[in-house]
Amino acid sequence: MALFRKKKAKTEEDIQAELDAKKKASEALKNLISEDDDEKVDISFRSLIGGDIFAGKWFRRHFWYIVLCVLLCIIYTSNRYYCQKEIITQHQLDDTIRDRRYKLITISSQITEKTRRRTVERELADTALKTSQSPIYLLPIEEADTTENE
């Protein structure tokens with residue numbers, strides 16, 4: 001039913017209001033475009049929300065400075081995130097190295113315990129191998145024997 005409603009005829013007041021609004025808009029545009037610095041621009045909440053500040057003289061003069069500040073903020077933030085990521089990775093690697101050192105110490109002590117003479121003798125008690133009761137013999141090597149081999 002809303003499709004078939006007839007448009008209301010514009011009254012003279014509506015036409016005048018539209019013309020006034022267009023004049024105000026054109027004046028505001030002229031004020032924003034003009035190069036005169038002596039005029040004060042009225043900044044209201046509505047103009048901030050509407051984006052009128054982006055067309056102002058101050059914003060046009062400082063545009064590249066604002067872009068530089070935003071770019072530096074982005075670089076600073078991304079660098080901080082990257083450094084935090086590297087620190088976390090470094091801590092994880094330190095923990096891994098510490099764990100592996102502890103495992104190495106544990107395995108080394110177990111090997112030392114298993115290779116002690118007492119432990120080896122206890123393991124070989126059931127087999128035919130026995131510990132030698134005679135002392136170790138040192139074989140003298142003469143210098144003449146060494147020169148012949150070379």
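This is a predicted model: local features need pLDDT of at least 70, side-chain atom pairs count only at pLDDT 80 or more; totals for chains, interfaces and linings use all residues.
Residues are numbered from 1 along each chain as its sequence is written, and side-chain values use heavy atoms, with hydrogens and water left out.

Let us start with the overall fold. The protein chain has six helices and zero strands, where helices (H or I, at least four residues) and strands (E, at least two) are DSSP runs numbered from the N terminus. Read along the sequence, this gives the pattern α-α-α-α-α-α.

Next comes the surface. The accessible surface of the protein chain is about 15,300 Å², and carbon and sulfur atoms hold 60% of that; such areas come from the Shrake-Rupley method with a 1.4 Å probe, and for residues only the protein chains shown count as cover. Of the 150 residues of the protein chain, 5% count as buried. Here buried means under 20% relative accessible area, exposed means over 50%, and partly exposed lies in between (1.4 Å probe, protein chains only).

Now to the charged side chains. A salt bridge is a side-chain nitrogen of Lys or Arg within 4 Å of a carboxyl oxygen of Asp or Glu, and by this rule the count comes to three salt bridges. One of them joins Asp-95 to Arg-98, with the closest N and O atoms 2.9 Å apart. These two are separated by about one helical turn, because Asp-95 and Arg-98 are three residues apart in helix 4 (residues 63-114). Asp-95 is partly exposed at 39% relative accessibility, and Arg-98 is partly exposed at 40%.

Further along, Glu-113 forms a salt bridge with Arg-116, and the closest N and O atoms are 3.3 Å apart. Glu-113 counts as partly exposed at 36% relative accessibility, and Arg-116 is partly exposed with a relative accessible area of 40%.

Arg-117 and Glu-121 make another salt bridge, their closest N and O atoms being 3.0 Å apart. They sit four residues apart in helix 5 (residues 117-123), so about one helical turn separates Arg-117 from Glu-121. Arg-117 is exposed, at 58% relative accessibility, whereas Glu-121 is partly exposed, with a relative accessible area of 35%.

Finally, the aromatic rings. A pair of aromatic rings is described by the distance of the centres and the angle of the planes. Rings of Phe, Tyr and Trp (its six-membered ring) pair if their centres lie within 6.5 Å; planes under 30 degrees apart count as stacked, over 60 as edge-to-face and the rest as tilted. By this rule the count comes to two aromatic pairs. Phe-59 and Phe-63 have ring centres 5.9 Å apart and planes at 65°, so this pair is edge-to-face. The rings of Phe-63 and Trp-64 are also edge-to-face, because their centres lie 5.0 Å apart and their planes stand at 75°.
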